Amino acid sequence: MEELLWRLTDKYAPARPAYSVATRPVWFDHAGDLVVLDSPITWETPWRTEGGFNHRLPAGSHPVHVGSCPYTPDGEDPDASWHTVTMVVIPLTEPSRIAAADWNVPGYDDSHFIEDYAVLWGDEAMRASLPHDEDGTPVFVRDARGDIRARGPSRRQDNWTNVVLDQETGANAFVFPVHDAEYVTGWEIVDDKGNLLCLVLAACE
């Protein structure tokens, strides 16, 4: 899996891109599994994105791999270890099938803006999180944001949160810090029958 993640990075977030697409991550970590029910998923800033880009994943539990890099908030010690998430990879099959697929797939032809934190979730998790604050911020995101900031500089894995929003179904959401990123883009890698093999999402400056 590690080899596949870096090959995807070389393809979609190259070290010297011809144009600005995605910030190249420095590390990858397995953040946990996203529980998908009978609805599309999206990676968005709920109070900003207005729905984001939807992706139809099969029902089940899918591993979420996140690529991150160092980040220094304004006014903080530049030597402190903060991190920001720049890529999210969700494989839906074994790495060999993904590696053998055609990666020359179109990305989004529109922009959905994000800021500070982006939530990876499905419709069931979104509905379970209602009601939201007046400004559109889900309460769990507000709480996660406070927890992450309170931790301060820390291990990479301490800079995001995995929250189960529906105890009956297990529907959950990941809250990832995206800091300087302005919008999300992404690519669906499919087989020759159109079956989704891997979802690659990127936070772009």
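H179 counts as buried, at 17% relative accessibility; buried here means under 20% relative accessible area, exposed means over 50%, and partly exposed is in between (1.4 Å probe, protein chains only). This residue is found in strand β8, and its phi is near 45°, a positive value in a residue other than glycine. Helices (H or I, at least four residues) and strands (E, at least two) are DSSP runs, numbered from the N terminus.

D116 also has a positive phi without being glycine, this one near 65°. D116 lies in strand β6, residues 116-122, and is partly exposed, with a relative accessible area of 33%. For background, most residues other than glycine have a negative phi, and most peptide bonds are trans.

## Where the numbers come from

This is a predicted model, so local features need pLDDT of at least 70 and side-chain atom pairs count only at pLDDT 80 or more, while totals for chains, interfaces and linings use all residues. Residues are numbered from 1 along each chain as its sequence is written, and side-chain values use heavy atoms, with hydrogens and water left out.

## The four-stranded sheet

Now for the sheet that holds β6 and β8: an open one of four strands, in the order β2-β6-β8-β7, with antiparallel pairing. Its edge strands are β2 (41-44) and β7 (161-164), each pairing on one side only. On average, neighbouring strands in this sheet are turned by 20° against each other, direction ignored; the axes are lines fitted to C-alpha atoms (for helices over the stretch in contact), and angles run from 0 to 180 degrees between N-to-C directions.

Two strands pair if DSSP finds at least two bridges between them. Four bridges link β7 with β8 (residues 172-179) in the antiparallel sense, and V164 has N172 in β8 as its bridge partner.

## β5, β9 and β10

Strand β9 (residues 183-190) pairs with β5 over two bridges, antiparallel, with H112 standing opposite V184 in β9. Eight bridges join β9 to β10, again antiparallel, and T185 stands opposite A202 in β10. The hairpin of β9 and β10 has five residues between the strands, and G194 takes a positive phi near 85° there.

## Two nonpolar cores

A nonpolar core is a set of buried Ala, Val, Leu, Ile, Met, Phe, Trp, Tyr and Cys residues joined through side-chain atoms within 4.5 Å. The largest one has 25 residues, and W43, V64, V88, L120 and F176 touch the most other members. Elements giving two or more residues to this core are β1 (27-36), β2, β3 (60-71), β4 (82-91), β6, β8 and β10 (196-204). The largest share, four residues, comes from β10.

Take F176: leaving aside neighbours within four places in sequence, its contacts (heavy atoms within 4.5 Å) include W43, V64, V88, D116 and L120. A second, separate core has 20 residues, including M87, A101, V105 and A202.

V105 sits in the loop between α3 (95-100) and β5 (112-113), and is buried, with a relative accessible area of 18%. Beyond its neighbours within four places in sequence, V105 is in contact with Y12, W187 and E188. V105 and W187 are 82 residues apart along the chain, yet their C-alpha atoms are separated by 6.7 Å.

P131 is in the loop between α4 (123-128) and α5 (139-151). The peptide bond from L130 to P131 is cis, with omega near 0°.
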